[in-house]
Amino acid sequence: MAKVETIAVSTKTGDNLRRMVEAGNYASADDVIRAGLEALAEKAAAEADDLAWVKARIRASVDDTRPGYSSEEVRRHIDELLIRAEGRRRDSAA
């Protein structure tokens, strides 16, 4: 086990640590802090994965050599989707 300097926490944080241990959820304040640090590490890893996914999608989009759509083509497609959705809404209400 590594020896780390003692840390100071606010009264509120100290009270929370004590409550968590007294509730039986953790054996010690060290366990509470360890669990918190593990949760932060998992969150950071998940965020890094999400960012890598977004970057990959952006890169794929930038590298896509297919021609883009004009604003008129996009507008026409959206209008068609809205017309179909409205038709389905009317059909389900009947």
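Helices here are DSSP runs of H or I with at least four residues, strands are E runs of at least two, and both are numbered from the N terminus. Ala52, for instance, lies in helix H2. The structure is a predicted model, in which local features need pLDDT of at least 70, side-chain atom pairs count only at pLDDT 80 or more, and totals for chains, interfaces and linings use all residues. Residues are numbered from 1 along each chain as its sequence is written, and side-chain values use heavy atoms, with hydrogens and water left out.

Overall layout comes first. The chain has three helices and zero strands, so with the DSSP runs taken from the N terminus the order simply reads α-α-α. The radius of gyration, taken over C-alpha atoms, is set against a globule rule of 2.2 Å times the number of residues to the power 0.38. For a compact globule of 94 residues that would be near 12 Å, but the chain has 27 Å. The C-alpha trace spans about 65 × 45 × 20 Å along its principal axes. As one example of spacing, Ala52 and Ser92 are 40 residues apart along the chain, and their C-alpha atoms are separated by 41 Å.

Next, the surface. Burial is assigned by relative accessible area with a 1.4 Å probe and protein chains only: buried is under 20%, exposed is over 50%, and partly exposed is in between. Ala52 of helix H2 is partly exposed, with a relative accessible area of 44%. Areas come from the Shrake-Rupley method with a 1.4 Å probe, where for residues only the protein chains shown count as cover. The accessible surface of the chain comes to about 8,600 Å², and 57% of that belongs to carbon and sulfur atoms.

Patches are built from residues with over 30% relative accessible area and no salt bridge, joining like charges within 9 Å and nonpolar side chains (Val, Leu, Ile, Met, Phe, Trp, Tyr) within 5 Å. Ile7, Val9, Ile33, Leu37 and Leu40 make a nonpolar surface patch of about 460 Å². Leu40 is found in helix H2, residues 29–63, and is exposed at a relative accessible area of 56%.

Then there are the charges. Lys and Arg count as positive and Asp and Glu as negative, while His and the chain ends are not counted; each charge is placed at NZ of Lys, CZ of Arg, CG of Asp or CD of Glu. The mean positions of the 16 positive and 18 negative charges are 4 Å apart.

A salt bridge needs a side-chain nitrogen of Lys or Arg within 4 Å of a carboxyl oxygen of Asp or Glu. Searching the whole structure turns up eight of these salt bridges. In one of them, Arg18 pairs with Asp15, with the closest N and O atoms 2.7 Å apart. Both residues lie in helix H1 (residues 11–22), three residues apart, or about one turn of the helix. Arg18 is partly exposed at 45% relative accessible area, and Asp15 also counts as partly exposed, at 29%.

Asp64 and Arg66 form another salt bridge, where the closest N and O atoms are 2.6 Å apart. Here Asp64 is partly exposed at 31%, whereas Arg66 is exposed at 63%.

In helix H3 (residues 71–93), Glu86 and Arg90 sit four residues apart, about one turn of the helix. Their salt bridge has its closest N and O atoms 3.5 Å apart. Salt bridges with shared partners join Glu86, Arg89 and Arg90 into one network.
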